[in-house]
Amino acid sequence: MGLSQRQLGEELGVVNQTISFWESGSREPDLDTLLKIAKFFAVTVDELLCE
């Protein structure tokens with residue numbers, strides 16, 4: 001979608017460093033945040049978790 005980490009963080013209510021941690025795999029979002037991510041990107045949580 002062309003968003004920066006900062007922009008996505010603002011949408012989800014987290015700091016951009018948190019987005020960076022998720023992208024690098026050093027941390028994972030909690031369930032509430034997974035639901036926010038899924039809603040934002042109009043996908044299911046299953047789609048987010050399946051590789």
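Mentor: The model is predicted, and what follows takes its labels one by one.

Trainee: What makes one face of α3 the buried one?

Mentor: Helix α3 covers residues 31-41, and Thr33, Leu34, Ile37 and Ala38 are buried in it. Viewed down the axis of α3, the buried residues fall within an arc of 140°, so they line one face of the helix. On the other side of α3, Asp32 and Lys39 are exposed.

Trainee: What do the buried residues of α3 pack against?

Mentor: They pack against α1 (5-12), α2 (16-24) and α4 (45-49). Contact here requires heavy atoms within 4.5 Å.

Trainee: What is found at the start of α3, and what follows the helix?

Mentor: At the start, a side-chain oxygen of Asp30 comes to within 3.4 Å of the backbone nitrogen of Asp32. The cut-off for a polar contact is 3.5 Å. After α3 comes Ala42, with a positive phi near 55°.

Trainee: Why is the pair of Phe40 and Phe41 called edge-to-face?

Mentor: The rule gives one aromatic pair. The ring centres of Phe40 and Phe41 are 4.9 Å apart and the planes stand at 90°, so the pair is edge-to-face. The limits are 6.5 Å for the centres and over 60 degrees for the planes.

Trainee: Why does Glu23 get its accessibility label?

Mentor: Glu23 lies in helix α2. Its relative accessibility is 60%, and exposed means over 50%, so Glu23 counts as exposed. Glu23 is 18 residues from Gln5 in sequence and 9.6 Å away in space, C-alpha to C-alpha.

Trainee: What makes the contact of Arg6 and Glu10 a salt bridge?

Mentor: Their side chains meet at 3.3 Å, N to O. The limit is 4 Å, between a side-chain nitrogen of Lys or Arg and a carboxyl oxygen of Asp or Glu, so the contact qualifies. A search of the whole structure finds one salt bridge.

Trainee: Where do the two partners lie, and are they buried or exposed?

Mentor: Arg6 and Glu10 are both in helix α1, four residues apart, about one turn of the helix. An α-helix has 3.6 residues a turn, so residues three or four places apart point the same way. Both Arg6 and Glu10 are exposed.

Conventions: Residues are numbered from 1 along each chain as its sequence is written. This is a predicted model: local features need pLDDT of at least 70, side-chain atom pairs count only at pLDDT 80 or more; totals for chains, interfaces and linings use all residues. Side-chain values use heavy atoms; hydrogens and water are left out. Buried means under 20% relative accessible area, exposed over 50%, partly exposed in between (1.4 Å probe, protein chains only). Helices (H or I, at least four residues) and strands (E, at least two) are DSSP runs, numbered from the N terminus. The arc is that of the directions from the helix axis to the C-beta atoms. A polar contact is a pair of N or O atoms within 3.5 Å; within protein, one must be able to donate a hydrogen and the other to accept it, and residues adjacent in sequence count only if both atoms are side-chain atoms. Rings of Phe, Tyr and Trp (its six-membered ring) pair if their centres lie within 6.5 Å; planes under 30 degrees apart count as stacked, over 60 as edge-to-face and the rest as tilted.
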